[in-house]
Structure formats: structure tokens, C-alpha cells
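Below are my notes on the model you sent, as numbered points. Please read them with the structure open.

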Amino acid sequence: MSQHQWPSWLPLRADLAELSPYGAPQVPSLAQLNTNENPYPPSPELVEAIVARISEVAGTLNRYPDRDAIKLRTALAQFLNNISGTTLSMDQIWAANGSNEIIQSLFLACADRGALGFTPSYSMHPLIARVAGVRWHEGHRRTDFTLDIKEAIAQVLDLQPGLTFITTPNNPTGTSISVDEIAQLARACASVSGLLIVDEAYAEFSRDISALTLLGEHANVVVIRTMSKAFAFAGVRLGYLAGHKELIAAMLLVRLPYHLSTLTQAAAMAALEFQEQSLATVATLRESRDRLAQALEELGCTVVPSSANFILFSVEHPNKMWRSLLDQGVLIRDVGLSGYLRVTVGNEVENERFISALRQSLGGK
Ligand SMILES: Cc1ncc(COP(=O)(O)O)c(C=O)c1O
């Protein structure tokens, strides 16, 4: 909750007055392991391709971009089909400035009956709902952070939300939901004429079957993806969704005209062209994650099993530990979960720095 005193001359919406702007602390550090970015920068070849693509379109910047991002959506459909064996077409894909904008568009288009999510999960889901004026229902997980699917279905049937959100692998816990359970939840959502939104921001790091494979049979399933994590492209701001073409038609109603710049579209096309290279770091990050989990366990921490590029682990005094790590140049995330902190998997040097700082803070164990 915000302490900010808003001036009386500012006609701010009353329901926003007590909010604080979202954001992890941006503090200079030697190891920045707090926002689940990919630590590996784009390869020199990709940088060259981005520059080439941008110089191709630079001479057209007096014109608005392709409003419907047809080439990009076609390339995204092909990418998803390659990795998931689906047969998606361009008219089942929507793209925007990061998956946060995708989430906002879903709220703007489809949330008359409120939205449901299962806490702890991505904290922006309820926050974007609130800013969009959508009622948010907070469902719950088991104490080990897994989702009790029967319980989740009961909540869907009871609340009958227009939108139900799940995140798999889940942020901040790293835990996954099986595709069979997702299908069960999708059926429950369909029975109350609701959409099931599956946020797969971290899916490329996981070995689970994607909910993309459910799209053929379940018109109400929507899968959100991003280039910010596995693709190592967070600075570009490119998120997208795959779903039924009627949902895409609804996205066209709420998008701002020309929302996705020519430069963004060009850079994203270059990344898709170099997808093998861009995604090559995924295998490295999975291995680093497993090594990091082991090192944390050896230091006596409980580690929540993660299929993502981050790890939630137990510590006695999260606030104190967060500060002590920062004092040693390591920035991780206090996600507000009692007894836990979250660390993003970094490069080898950053991971070692984190583990040695943690060892030091735990008293040199
Ligand atoms: C689960 C989840 N969804 C969506 C996002 C937003 O990603 P972006 O807007 O960068 O695509 C994040 C970012 O951390 C996330 O953790």
C-alpha cells in the first residue's frame, strides 16, 4: 500500500489512490538476479541481424507500422508449431508490447465477470486487473505451492469468473501443472463460459507438455508466451498469445492503433530467424538451475522444485538475508513470501557469487 499523498487537484481514480507503482528495486549490483531475465546477451550474429532488419525499415519510419503485425504473427505461429507440433495459423496469434500488455488486453476485452488466480503467483495478474477495473478473486494453493486441481475446479464453479489464470511454470514458485490437469480446469472454465488463461512465460525452460497442445480441442484455452525470458529479449518488449481466432478478433477491439512499433516487429523477426541460437542458452540455464538448487540444498535451504529459470528457497529471515546479499553485491528478490527468497539463475560467475555470498551470510557454513 502506498504512503503517497495525492494532491486534491488531481482527479485520480479513487481505487488507484492506495496503489504503489509495481517494480523490483533497481539497484546497481555485481550480480543482478532479481527479475528472471536471461543473463546471456544476444549473440554478435543476432545483433548484426537486428541492425540489418532495423536499417531495412528505418527509411519507412514516417509511416505507421503494420497495425496487425501479419508477418510477425505468421512467424510466431510457425515457431510455436515447430516446438509444440501444433498447427496454429496467424489468425490464432496476437502480439503486443510484452505479455503484460497481452494480459491487460485480455482484461479489457473479457472480464465482465471478474478474474480468478491462485496465489502465490505472478503478482501483476491481480495488479493489472485492478488497474483495468476488473474484480480479482484470490484462489489458493497447497502449502507446498502445488495446485489442488479439485479445489481449483470447485472455485471456478463457485465464482464463475470470465477469466481464470494459471501460470506454469509458476512465478515465483517454479512449480508446474500437468497438461492433464490443465485440461480438467479448462473443461470446468468452459462449463461456466469462462476462458482459462495459461501464462507460459517460462515454458521453454520446462520439460512439461505445453497447453498449446490443448488449443485444438479447447476453444476457451489461451496460452501466453513472451520473448523476455528464454529468448533473452526482455528489452524489446514482445509478448504474444495463442488462442481461438474469435478471441484474436476480440483483441483487435481493445488494442490501441499501431501499438507494436515497426522497430519492435523488425527486432522480433530477427530473433525468430535466429531462434536456435537465441534458445541455445536454455539448456545451459537448466543445467545451471539444477546445480544451483543442489548448492542451496547443501547450504541447508529447502528448495522448491523449479522448472523455470529461477528458484524459490527457504531462509529464516528473508528481509535481513536480502539486505546482506545486496551488501555483497548480489541482488535477488524478496517476493513477500514468509520464509522464502527467489533467485534468478544467472551466468556461472553470478551464480558462484550468489552462493558464496549466501554462505557468508549464513555464517560461513
Ligand atoms: C509469469 C509471468 N508472466 C508475464 C511476465 C511479463 O513478461 P513480459 O511483459 O516481459 O513479456 C512475467 C515477467 O516476469 C512473468 O513472470
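1. Helix H2 has a buried side, and what covers its buried residues includes strand E2 (93–96), strand E8 (239–242) and helix H8 (262–273). The residues of H2 that count as buried are Leu 72, Arg 73, Ala 75, Leu 76, Ala 77 and Leu 80. Arg 73 deserves a look in the viewer, as it is on this list among leucines and alanines. Bear in mind throughout that this is a predicted model.

2. Does the length of H2 agree or disagree with its residue count? The helix runs over residues 70–84, and at 1.5 Å a residue its 15 residues should span 21 Å. After the helix comes Gly 85, with a positive phi near 65°.

3. Asn 81 also belongs to H2. Leu 212 is 131 residues from Asn 81 in sequence, yet their C-alpha atoms are 9.1 Å apart in space.

4. On the ligand: the shell around it holds 13 residues, and those that come nearest are Gly 98, Ser 99, Ala 201, Thr 226 and Ser 228. Which helix gives the most to this shell? It is H3 (residues 98–110), with 3 residues. By class, the shell has 9 polar residues, 3 nonpolar and 1 charged.

5. For the overall fold, the protein has 11 helices and 11 strands. A compact globule of 365 residues would have a radius of gyration near 21 Å, and the protein has 21 Å, so it agrees with that rule. The C-alpha trace spans about 60 × 55 × 55 Å along its principal axes. Buried residues account for 44% of the 365. Among contacts between residues at least 6 apart in sequence, 71% join residues at least 24 apart.

6. Two domains are assigned: domain 1 covers 25–42 + 277–361, and domain 2 covers 44–273. Their centres, taken over C-alpha atoms, are separated by 25 Å. In the contact between them, 24 residues of domain 1 meet 24 residues of domain 2. On the domain 1 side, helix H9 (275–298) and strand E9 (310–314) each supply at least two residues. H9 gives the most to that side, with 7 residues. The residues on the domain 1 side divide into 13 nonpolar, 8 polar and 3 charged.

7. The backbone has some features to check by eye. Most residues other than glycine have a negative phi, and most peptide bonds are trans. Where are the cis bonds placed in the chain? The peptide bond from Thr 168 to Pro 169 is cis, with omega near -10°, and that from Asn 171 to Pro 172 is cis as well, with omega near 15°. Pro 169 is in the loop between strand E5 (163–167) and helix H6 (179–191), and Pro 172 lies in the loop between E5 and H6 too.

8. Gln 160 is a residue other than glycine with a positive phi, near 50°. Its place is the loop between helix H5 (149–159) and E5. With 16 other C-beta atoms within 10 Å, Gln 160 is partly exposed.

9. Tyr 258 also has a positive phi, near 60°, and is not a glycine. This residue lies in the loop between helix H7 (245–254) and H8. Is Tyr 258 buried, exposed or partly exposed? The count of other C-beta atoms within 10 Å is 14, so Tyr 258 is partly exposed.

Conventions. Residues numbered from 1 in each chain as written. Predicted model: local features only at pLDDT ≥ 70, side-chain atom pairs only at ≥ 80, totals over all residues. Helix = DSSP H or I, 4+ residues; strand = E, 2+ residues; numbered from the N terminus. Expected span 1.5 Å × (residues − 1). Buried ≥ 20, exposed ≤ 12 C-beta atoms within 10 Å, placed from the backbone. Contact = placed C-beta atoms within 7 Å. Near = placed C-beta within 6 Å. Nonpolar A, V, L, I, M, F, W, Y, C, P; charged D, E, K, R; others polar. Rg over C-alpha atoms; globule rule 2.2 N^0.38 Å. Domains from an automatic or database assignment.
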